[in-house]
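Please walk through this model with the sequence and the coordinates side by side.

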Amino acid sequence: MILTNKVAVVTGAGRGLGLAYARALAAAGAAVVVNDVDAEAAAAAVREIAGAGGRAVAEVSAVGGTQAAEALVARAVEDFGRLDVMVTNAGVLRDRVLWKMTDEDFDTVVEVHLRGTFTCARAAANRMREQGGGGRIIVAGSPAGQRGNFGQTNYAAAKAGIAAMVRTWSMELAKAGITANAVIPVAATAMTKTMPAFAPHIEALEQHGVPLPDALRKGEGFGTPEDVAPLVVFLASDAAAGVTGQCVGIGGDKLALWSHPREVSVAYADGGWSAEAIAAAWPVSVGRAPETVGL
Ligand SMILES: NC(=O)c1ccc[n+]([C@@H]2O[C@H](COP(=O)([O-])OP(=O)(O)OC[C@H]3O[C@@H](n4cnc5c(N)ncnc54)[C@H](O)[C@@H]3O)[C@@H](O)[C@H]2O)c1
């Protein structure tokens, strides 16, 4: 029970990864505020956690704006006396290629993922700083945010922004003993199980208990939400007090540390670069081995 006496909020915890996080945090001893926009799903999650001997309450709201974020923190404090861990996991997809993506597609995804992560982390940081004793902010990134992905302008932007916020918060919150890290998960959920490469294997797992093959669990780092949840428990624990500003990948049998962007090749021209000089230098200098994109 490595999280005894800790209090956590998990957004989007009614199903999928968030539900696995809430279950695992509760099983490790934490009291959990289960947030979801779907009231039924949140209530079922709370019943299940309580049935297994854990402590949980539901707080139904659509995360994104400040009011919902502050209500989540207030709920943790009112019901359990404090807040130690904020897990911002809620998410939606509105996939379309750039030229078909509407303003609404873009804004919806940015509102839930990027603004929701910002407002929930800010509300948590305020409470944790006031309370003293540090804290944990654990956010949800994505391989799409790290690498870009076809059809995901909105989602890749939001997830890349979330990784950028974590790097910034790890500096800003260090003095208060609050860590900020991104989990970069890959798992079979409503969001991913219809992907053609994964669908037949997930069906075999869910309907006949056939384990996912090594080609998925190791090769693709793809497994179940329960494979991802232990990373959230670790990051929430005292054992991870020194881990901050990181993007940690997990899925199936794989655990990985993602690199942060940095200059991989540099060149200098006395007095600065002209367009002609860049054109001449590009193929033999910094442009010789361009970075790859995509998953
Ligand atoms: N499944 C994966 O392989 C994968 C990969 C990379 C990143 N992620 C990220 O992990 C997180 C969870 O994904 P998932 O696959 O479990 O998705 P999911 O669709 O199974 O679950 C998302 C949950 O969030 C809830 N939700 C949606 N909008 C909300 C809002 N505004 N406020 C509160 N709750 C809201 C939904 O009702 C749902 O219960 C997301 O941030 C997602 O982008 C997932």
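Tyrosine 21 is in contact with Val10, Ala13, Val87, Asn89, Ala229 and Val232, leaving aside its neighbours within four places in sequence. Contact here means that the C-beta atoms of two residues, placed from the backbone, lie within 7 Å. The model is predicted: local features need pLDDT of at least 70, side-chain atom pairs count only at pLDDT 80 or more, and totals for chains, interfaces and linings use all residues. Residues are numbered from 1 along each chain as its sequence is written.

Tyr21 belongs to the largest nonpolar core, which has 84 residues. Tyr21, Ala22, Leu25, Val32, Val34 and Val232 touch the most other members of this core. Helix α4 (residues 103–131) gives the most to this core, with nine residues. A nonpolar core is a set of buried Ala, Val, Leu, Ile, Met, Phe, Trp, Tyr and Cys residues joined through C-beta atoms within 7 Å. Buried means that 20 or more other C-beta atoms lie within 10 Å of a residue's own; 12 or fewer makes it exposed, and anything in between partly exposed, with C-beta atoms placed from the backbone. In soluble globular proteins, nonpolar side chains tend to be buried together.

Now follow α4 to its partners. Two packed helices are described by the angle between their axes and the distance between the axes. How do α4 and helix α6 (residues 153–172) pack? Their angle is about 15°, and their axes are 8 Å apart. The contact involves Asp105, Phe106, Val109, Val110, His113, Leu114, Thr117, Phe118 and Ala121 of α4. From α6 come Thr153, Asn154, Tyr155, Ala157, Ala158, Lys159, Gly161, Ile162, Met165 and Trp169. The two helices, α4 and α6, are therefore roughly parallel to each other. Angles under 35 degrees count as roughly parallel, over 145 as roughly antiparallel, 65 to 115 as roughly perpendicular and the rest as oblique. The axes are lines fitted to C-alpha atoms, for helices over the stretch in contact, and angles run from 0 to 180 degrees between N-to-C directions.

Helix α3 (residues 66–80) also packs with α4, at an angle of about 40° and with the axes 8 Å apart. So α3 and α4 are oblique to each other. In α3, Thr66, Ala69, Glu70, Leu72, Val73 and Val77 meet α4 residues Thr119, Cys120, Arg122, Ala123, Ala124 and Arg127.

Next, the loop between β6 (178–185) and α7 (199–208), where threonine 189 is found. Alanine 187 is in the loop between β6 and α7 too. Is alanine 187 buried or exposed? Alanine 187 is buried, with 23 other C-beta atoms within 10 Å. Outside the four places on either side in sequence, alanine 187 touches Leu17, Thr192, Gly223, Thr224, Pro225, Asp227, Val228 and Gly251. Threonine 189 is partly exposed, with 19 other C-beta atoms within 10 Å.

Alanine 176 sits between α6 and β6. Alanine 176 is partly exposed, with 16 C-beta neighbours inside 10 Å. Beyond residues up to four places away in sequence, alanine 176 touches Met128, Arg129 and Gly134.

Move on to helix α8 (residues 214–220), which holds lysine 218. Lysine 218 is partly exposed, with 15 other C-beta atoms within 10 Å. Which residues does lysine 218 contact, leaving aside neighbours within four places in sequence? They are Gly252, Asp253 and Lys254. Lysine 218 and glycine 252 are 34 residues apart in sequence, yet 6.4 Å apart in space, C-alpha to C-alpha.

Finally, go back to the segment before β1 (7–10), the place of asparagine 5. Asparagine 5 is exposed, with 12 other C-beta atoms within 10 Å. Phi of asparagine 5 is near 75°, a positive value in a residue other than glycine.

Key:
Helix = DSSP H or I, 4+ residues; strand = E, 2+ residues; numbered from the N terminus.
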